[in-house]
Amino acid sequence: MPEGDTVYRAAAKLDRALTGHRLTVTDFRVPAFATVDLREGEVIRTLSRGKHLLTRIDHQRAWTLHTHLKMEGSWHVYPEGEKWRRPGDQVRIVLGIEGRNAVGFQLGIVELVPREAEADLVAHLGPDLLGPDWDEERAVANLRSEPDRPVAQALLDQRNLAGIGNMYMAELCFTMGVNPANAVRTVDQLPRLVRRGRQMLEVNKERAIQTTTGDLRERERMWVYRRDTSPCRRCRTPIAVAMLGDPGRERATYWCPSCQPER
């Protein structure tokens with residue numbers, strides 16, 4: 001699933017492409033909104049909230065288009081007439097202005113709500129690591145509210161803090177020397193862990209190639225994520241991987257057994 005910095009960039013791309021323009025095309029390819037027509041509506045802004053995208057459109061009344069990339073989704077912007085890079089049967093929505101189209105592929109969520117209901121869409125989220133509402137103390141308190149929960153699950157729970165996905169969870173645990181299966185209560189420097197998580201997303205939010213090592217080369221970008229059986233960059237112990245999480249919601253989790261001991 002895309003991480004918070006990926007969604008932040010998607011919001012910035014849509015904001016640059018559409019904000020301030022009037023829509024000439026609105027094609028909703030989801031049954032609930034198939035008849036919606038927002039042509040001539042003005043795009044006011046697109047912003048991200050954790051992993052959620054909110055596009056504000058004024059058309060007779062104030063609306064908010066809520067989209068979520070989930071596992072496979074993406075937003076592309078094309079000059080008018082350019083061939084789309086993904087199949088047409090994956091399209092969920094097209095927003096067009098004069099000269100260009102924004103196309104949403106395989107979006108996990110597509111909702112259109114009155115602007116006054118926008119806050120309800122994201123009310124369940126914790127502080128956004130890349131948002132103006134960021135609150136480190138609140139994020140730490142949220143994590144500590146379930147002290148026996150495994151660190152990996154607590155970090156991935158968007159109700160605690162919004163924006164960390166599986167990749168950043170694994171990389172963050174490694175750089176802090178924390179085994180992802182350890183309980184939250186065993187983490188001695190929880191504020192530092194949260195602060196470093198925000199730093200990781202901040203560093204990567206403006207670039208398409210993510211790295212936590214500082215190296216942008218293909219095989220050198222990550223410490224442990226998707227490096228199972230490869231040697232640890234610090235101690236040469238083979239990186240381990242296991243499916244961890246609640247039944248039915250397990251995620252592939254990576255760590256170094258030597259640098260990240262169980263507690």
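## Ground rules

Contact here means heavy atoms within 4.5 Å. Helices (H or I, at least four residues) and strands (E, at least two) are DSSP runs, numbered from the N terminus.

This is a predicted model, where local features need pLDDT of at least 70 and side-chain atom pairs count only at pLDDT 80 or more, while totals for chains, interfaces and linings use all residues. Residues are numbered from 1 along each chain as its sequence is written, and side-chain values use heavy atoms, with hydrogens and water left out.

## H3 against H6

Let's start with helix H3 (residues 136-144), where Glu136, Ala139, Val140, Leu143 and Arg144 meet Leu190, Pro191, Val194 and Arg195 of H6. Sort the residues of this contact and you get 6 nonpolar, no polar and 3 charged (Ala, Val, Leu, Ile, Met, Phe, Trp, Tyr, Cys and Pro count as nonpolar, Asp, Glu, Lys and Arg as charged, and the others, Gly among them, as polar).

H3 and H6 pack at an angle of about 120°, and their axes are 10 Å apart. Axes are lines fitted to C-alpha atoms, for helices over the stretch in contact, and angles run from 0 to 180 degrees between N-to-C directions. That is why H3 and H6 are called oblique to each other (under 35 degrees counts as roughly parallel, over 145 as roughly antiparallel, 65 to 115 as roughly perpendicular and the rest as oblique).

## H5 against H6

Helix H5 (residues 166-175) also packs on H6 (residues 190-204), at an angle of about 125° and with the axes 10 Å apart. So H5 and H6 are oblique to each other as well.

Who does the touching? H5 brings Tyr168, Glu171, Leu172 and Thr175, and H6 brings Leu193, Arg196, Gly197, Met200, Leu201 and Asn204. This contact of H5 with H6 splits into 5 nonpolar, 3 polar and 2 charged residues.

## The two domains

Zooming out, the chain is divided into domain 1 (4-121) and domain 2 (136-255), with bounds that come from an automatic or database domain assignment. Their contact takes 8 residues from domain 1 and 13 residues from domain 2.

Between them, domain 1 and domain 2 bury about 770 Å², 50% of it on carbon and sulfur atoms. Buried area is the accessible area (1.4 Å probe) that two parts lose on being put together, summed over both. On the domain 1 side, Asp5, Arg9 and Lys51 supply 59% of the area buried against domain 2, more than any other three residues.
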